Amino acid sequence: GPAFIRTVLRWRTSWMDERSAINDGTLNKDAIAEYLYQSWAAPASGEYAMNTMLLPGAYAHHPIRRRFITEDGSVHPALATVPVAFIYGGGRDWMHHSH
């Protein structure tokens, strides 16, 4: 239930820098955990539509990565003109960090 999601969220973000928005208190972990729980506990609907639309592959028209690239080619979120939080689970996540 919700307690499990809170535990997993804390575990998945424990390695992140304490200055990150998720660990410095800017983002409320309990609110994120509640949102995730409600999204995952509800009957599926949007997931089916999204999977159907993305089945051939999803490619952004204007990838967000291009907006954060510095002159040396590194990605830097501070270049964003709106608040952005990157939540990435690390090496064992389904999404590779290079995306």
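1. Histidine 76 touches Phe68 and Thr70, leaving aside its neighbours within four places in sequence. Contact here means heavy atoms within 4.5 Å. Histidine 76 sits in the segment after helix H3 (46–54). Its relative accessibility is 39%, so histidine 76 counts as partly exposed. The cut-offs are under 20% relative accessible area for buried, over 50% for exposed, and partly exposed in between (1.4 Å probe, protein chains only).

2. A word on the basis. This is a predicted model: local features need pLDDT of at least 70, side-chain atom pairs count only at pLDDT 80 or more, and totals for chains, interfaces and linings use all residues. Residues are numbered from 1 along each chain as its sequence is written, and side-chain values use heavy atoms, with hydrogens and water left out.

3. Overall make-up. The chain has three helices and zero strands. Its elements run α-α-α from the N terminus on. Helices (H or I, at least four residues) and strands (E, at least two) are DSSP runs, numbered from the N terminus. Of the 99 residues, 12% count as buried. The chain exposes about 8,300 Å², and carbon and sulfur atoms supply 60% of that. Accessible areas come from the Shrake-Rupley method with a 1.4 Å probe; for residues, only the protein chains shown count as cover. Among contacts between residues at least 6 apart in sequence, 37% join residues at least 24 apart.

4. Helix H1. At 1.5 Å a residue, the twelve residues of H1 should span 16 Å; the end C-alpha atoms are 17 Å apart, which agrees. The expected span is 1.5 Å times one less than the number of residues. Ile5, Leu9 and Thr13 are buried in H1. These buried residues fall within an arc of 55° seen down the axis, so they line one face of the helix. The arc is that of the directions from the helix axis to the C-beta atoms. An α-helix has 3.6 residues a turn, so residues three or four places apart point the same way. On the other side of H1, Phe4, Thr7 and Trp11 are exposed.

5. Helix H2. The 13 residues of H2 should span 18 Å at 1.5 Å a residue, and the end C-alpha atoms are 18 Å apart, which agrees. Lys29, Ile32 and Ala33 are buried in H2. They cover an arc of only 100° around the axis, which puts them on the same side of H2. The packing goes both ways. The buried residues of H2 pack against H1, and those of H1 pack against H2.

6. Salt bridges. There are two in the structure. The term requires a side-chain nitrogen of Lys or Arg within 4 Å of a carboxyl oxygen of Asp or Glu. Aspartate 30 and arginine 10 form one of them (3.1 Å, N to O). This pair links distant parts of the chain: aspartate 30 is in helix H2 (residues 29–41), arginine 10 in helix H1, 20 residues apart. Both ends are partly exposed, aspartate 30 at 38% and arginine 10 at 39%. Arginine 19 also forms a salt bridge, with aspartate 17; their closest N and O atoms are 2.9 Å apart. Arginine 19 is exposed at 66% relative accessibility, whereas aspartate 17 is partly exposed at 35%.

7. Surface patch. Phe4, Val8 and Trp11 form a nonpolar patch, with about 340 Å² of accessible area together. Valine 8 belongs to helix H1 (residues 2–13). At 31% relative accessibility, valine 8 counts as partly exposed. Patches are made of residues with over 30% relative accessible area and no salt bridge: like charges are joined within 9 Å, nonpolar side chains (Val, Leu, Ile, Met, Phe, Trp, Tyr) within 5 Å.
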